[in-house]
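Please look through the sequence and the model before reading on. The paragraphs below lead from a helix to the sheet beside it, and then to a single side chain elsewhere.

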Amino acid sequence: MSLNDPIPQEQWIPTQHTPYTQVAPGYLKLVTLTTLLVGVIPVGIALALMMVVFALALPWLLAAGLVLTVLLALWVYLSQLRAKRLGYMVREQDLVVRRGIFWQRHTCLTLSRLQHVTLSQGPLDRFYGLATLRGFTAGSPHAEITIPGLPSDQAEQLRQHLMAKAGTRHES
């Protein structure tokens with residue numbers, strides 16, 4: 001079988017039925033913190049503006065504040081759920097990333113097309129000991145695959161493993 005021959009259907013491995021490696025538990029804390037920071041500031045500003053504009057309509061202001069608080073709580077919950085559902089698996093010929101809450105997306109990057117892999121860390125990532133891995137393929141200046149929330153040492157090991165496999169042809 002050459003590289004261009006299709007794999008027989010009986011050898012297909014469905015990505016939904018294979019075990020994914022979850023990202024680090026610290027990633028959930030990071031997502032919660034950043035969601036709250038990004039969410040609380042706009043909600044606080046909106047409430048302050050409503051207090052100035054509708055100073056006399058206190059019951060309406062309380063209702064609006066309650067609605068905004070519930071929306072913020074829902075946003076935090078969905079962000080946490082999205083972080084919990086994020087996973088990846090390294091197979092012999094590819095790297096697969098699963099993400100999504102309602103619509104599951106499985107992105108598969110063939111290692112023979114991989115050009116380079118980068119690791120990045122922001123200040124909060126460093127505080128939690130996390131890194132984001134990005135894999136790039138030929139012909140695209142944008143990351144083809146991104147895995148946030150990896151423990152720093154695991155991210156470096158995965159980067160080295162992927163680069164060792166990058167560009168190699170697997171023939172059966």
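A residue is called buried when its relative accessible area is under 20%, exposed when it is over 50%, and partly exposed in between, as found with a 1.4 Å probe on protein chains only. Helices (H or I, at least four residues) and strands (E, at least two) are DSSP runs, numbered from the N terminus. This is a predicted model, in which local features need pLDDT of at least 70 and side-chain atom pairs count only at pLDDT 80 or more, while totals for chains, interfaces and linings use all residues. Residues are numbered from 1 along each chain as its sequence is written, and side-chain values use heavy atoms, with hydrogens and water left out.

In helix H4 (residues 152–165), the residues Ala155, Leu158, Leu162 and Lys165 are buried. Seen down the axis of H4, the buried residues fall within an arc of 90°, so they line one face of the helix; the arc is that of the directions from the helix axis to the C-beta atoms. On the face turned away from this buried side, H4 carries the exposed residues Asp153, Gln157 and Ala164. The buried residues of H4 pack against strand E2 (87–90), strand E3 (94–99), strand E5 (114–120), E6 and E7, where contact means heavy atoms within 4.5 Å.

Three of these strands form an open sheet in the order E5-E6-E7, with antiparallel pairing; two strands pair if DSSP finds at least two bridges between them. E5 and E7 stand at the edges, each with a single partner strand, so one side of each is left without a neighbour in the sheet. H4 packs on the sheet, touching E5, E6 and E7, and its direction makes about 170° with that of E5; here axes are lines fitted to C-alpha atoms, for helices over the stretch in contact, and angles run from 0 to 180 degrees between N-to-C directions.

Strand E6 (residues 130–137) pairs with E7 over five bridges, and across this pairing Ala131 stands opposite Leu150 in E7, while Leu133 stands opposite Ile147. Five of the seven residues of strand E7 (residues 145–151) are buried, so this strand is largely enclosed by the rest of the structure.

Ser79, in helix H2 (residues 58–85), is buried, with a relative accessible area of 5%. The side chains of Ser79 and Thr35 are joined by a polar contact of 3.4 Å, a term for a pair of N or O atoms within 3.5 Å; within protein, one must be able to donate a hydrogen and the other to accept it, and residues adjacent in sequence count only if both atoms are side-chain atoms.
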